[in-house]
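Thanks for coming. I will go through one structure this morning, starting with a pair of strands and ending with the core. Please have the picture open.

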Amino acid sequence: MTAAAPPTDTHCPYCSLQCGMRLRPVERPAPGEPAVAVEERPAFPVNRGALCGKGNNAAHVLSPAARLRAPLVRDHRTGTLREASWPEALDRAARGLAEAARRHGRDAVGVFGGGGLTNEKAYLLGKFARVVLRTANIDYNGRFCMSSAAAAQRRAFGLDRGLPFPLADISRTGCLVLVGGNPADTMPPAVRYLREQKEAGGRLIVVDPRRTRTAELADLHLRPVPGTDLALALGLLHLVIAEGHVDEAFVAARTSGYERARAAAMAHWPERVERITGVPVAQLRRAVELFCAAPSGMVLTARGGEQHSKGVDTVGAWIDLCLATGRAGRPYSGYGCLTGQGNGQGGREHGQKADQLPGYRSIDDPAARAHVARVWGVDPTDLPGAGRSAYELLDTLGTADGVRALLVMGSNPVVSAPRAGHVTERLRALDHLVVCDVVLSETAELADVVLPSAQWAEEDGTMTNLEGRVILRRAALAPPEGVRTDLAILHGLAGRLGTGTGFPAAAEEAFAELRRASAGGQADYSGITYERIAAEDGVFWPCPATGEDEPRHPGTPRLFLDRFATPDGRARFAAVSHRPAAEEPDESYPLRMTTGRVLAQYQSGAQTRRTPALNRAAPAPFVELHPHLADRLGIAEGDPVTVTSRRGQATAAARVTTTIRPDTVFMPFHWSGPGRANNLTNPALDPVSRMPEFKVCAVRVERARDGAATDTIGEPA
């Protein structure tokens, strides 16, 4: 009898926790079922064996019925997608990219990546854009997620890493302020750290306009009007200063810019902040009391506080609160960002951003260009400069001065982009669209060429979780016949476009080059190897290589304990002031809408909506509204409701609940069709991060007319 194949230690394909899991081979899978089963992996320190529903059901998307199994090309005669061989599909894809460049110039070709791509893919995708296509126009969907927090951290600390400390440190902080995050739904295994923190005597303050499952754990829940988090943070800082809680010694020794920030904060007195935010003065004072009485403290922000046209300033104000109270650069204290996507951290470090080169280098820095050009074997003058940010790239697709041919890898902007109806039309206007994905997403349905990608369990590769811990996914099975890895796809396209070397299909070979390219950068991976990652349950960057006779660098679990990453070693205060949302309610659109996630779905839903257990738990979009508002509008639970903004409409069933503010409605953004929430959202951009304002826009709400289309289930056709 043949011995059973051993299980494979790997990681969940979904959020930024990158929970450890084990995949056990299934000897005789039922027809249509995956050939592996998910098991716990208790030894991995981040989740200690715990998995949420998405992780437990992750193997389902490996099922044949849930995925693409062959390349597709658009038939010129019928206009429909048909199956094609790999040579035909790659030839068509490459020919369309080359033709757009020949007719309209290199910058008429664009690349749109994703925050779920492995480090190796993100690295080679950026290299492909700049070396093969020689286009400036590459960006990725992470611009929609963590870009404001990243920009604020770089401004304050000189370096951006989601958490400057291991996740486990959260359980040991004295007071945690969680701004615009709902980990009970978005990353459930992390909630154990919130519970452990409270069990140890710590206090939890949650800032969210909705009473979420996370808010129910809080000692204090602040419910600001959407779009007013900046005023709230400044009001708390005002009270810290006015009530004598500033750590003067820390401010003098380890920061700069305090006086300007102090002057800005003092213009946000408590009564003014109450008028702006709706948060009572008594709650503001209580929040400051809890935060300053604790021996240590952290502020963690998520998308609710960041996805605004003033997101960088908002995060900057929360960082100011940490700096003024001496809660940064010390054990169990500091600011952190709860990164969202699986490789939201690593994906923004190695070159798929419009303004970036590997190692978190700036594309405008001559020294950075020279270093990366040496690794790539090209002349630095041949590297393009910075291109358009994600929404700006999508907004100009198919126009005279915009991108005319686009390669999309690991993203579904038809569902995930703001003003999604407009973005869909811009994608339709392209001369040529190539999409690499594991499923026929809504974006892939528009493509001229669709290239089926291998999945997380079918390829090796590294990811970097929200802590800055570089982890290793291992292949548990081979991709099905007709499917190729993204690295193999880039290799095939590069060869057809005249670059026969430099794009290895082997992940470890790609990682070896990434290490060299990142060496000396802020996100230095040069001392990290696959062997070290496996042996150490991940390695925290920066981790530079050392000489043969020197001890190996241990990695950096905790940043800033000795100095910040600025030239003078001091953290910088941000002198910022409140300003309103880009779009405020008026007579025509009298309510605010905010968006977010639900427990059983993930991002654009392209994979989770194809998982029956998850779909049963969250089958369709909904509109959450307060009973007072529902009463006024004559809407009952389950009624079809149409929400309208200046950009479009969405229709879904009403969910009447006291967990939402009476002046606000909420929609989850995982669905396409009539309930596509991003039809409504505002693409107003933060001037620094170019983050769109997903989290607040002005809308009107009414009971849908008889016969209006609504989603009843989330299963794709």
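Before the first example, one term: two strands pair if DSSP finds at least two bridges between them. Keep in mind that this is a predicted model.

Start with strand β28, residues 682–685, and strand β29, residues 692–693. These two pair in the antiparallel sense, over 2 bridges. Within that pair, L685 stands opposite P692 in β29. The hairpin of β28 and β29 has 6 residues between the strands, and R690 takes a positive phi near 65 degrees there. Now the side chains of β28. N682 and A684 point one way, P683 and L685 point the other way, and all are buried.

Next, a sheet. Three strands form an open sheet in the order β19-β20-β21, with antiparallel pairing. Because β19 (461–464) and β21 (539–540) are at the edges, each has a single partner strand, and one side of each is left without a neighbour in the sheet. Between β19 and β20, residues 469–473, there are 4 bridges. T462 is placed opposite L472 in β20.

What lies across β19 and β20? Helix α3, residues 119–133, does, running at about 95 degrees to β19.

Last, the core. In soluble globular proteins, nonpolar side chains tend to be buried together. Here the largest nonpolar core has 116 residues, and F128 is among those with the most contacts inside it, as are W318 and Y335. Leaving aside neighbours within four places in sequence, F128 is in contact with residues including L133, L407 and F503. A second, separate core has 46 residues, among them A58 and M463.

Terms used: Residues are numbered from 1 along each chain as its sequence is written. This is a predicted model: local features need pLDDT of at least 70, side-chain atom pairs count only at pLDDT 80 or more; totals for chains, interfaces and linings use all residues. Side-chain values use heavy atoms; hydrogens and water are left out. A nonpolar core is a set of buried Ala, Val, Leu, Ile, Met, Phe, Trp, Tyr and Cys residues joined through side-chain atoms within 4.5 Å. Buried means under 20% relative accessible area, exposed over 50%, partly exposed in between (1.4 Å probe, protein chains only). Contact means heavy atoms within 4.5 Å. Axes are lines fitted to C-alpha atoms, for helices over the stretch in contact, and angles run from 0 to 180 degrees between N-to-C directions.
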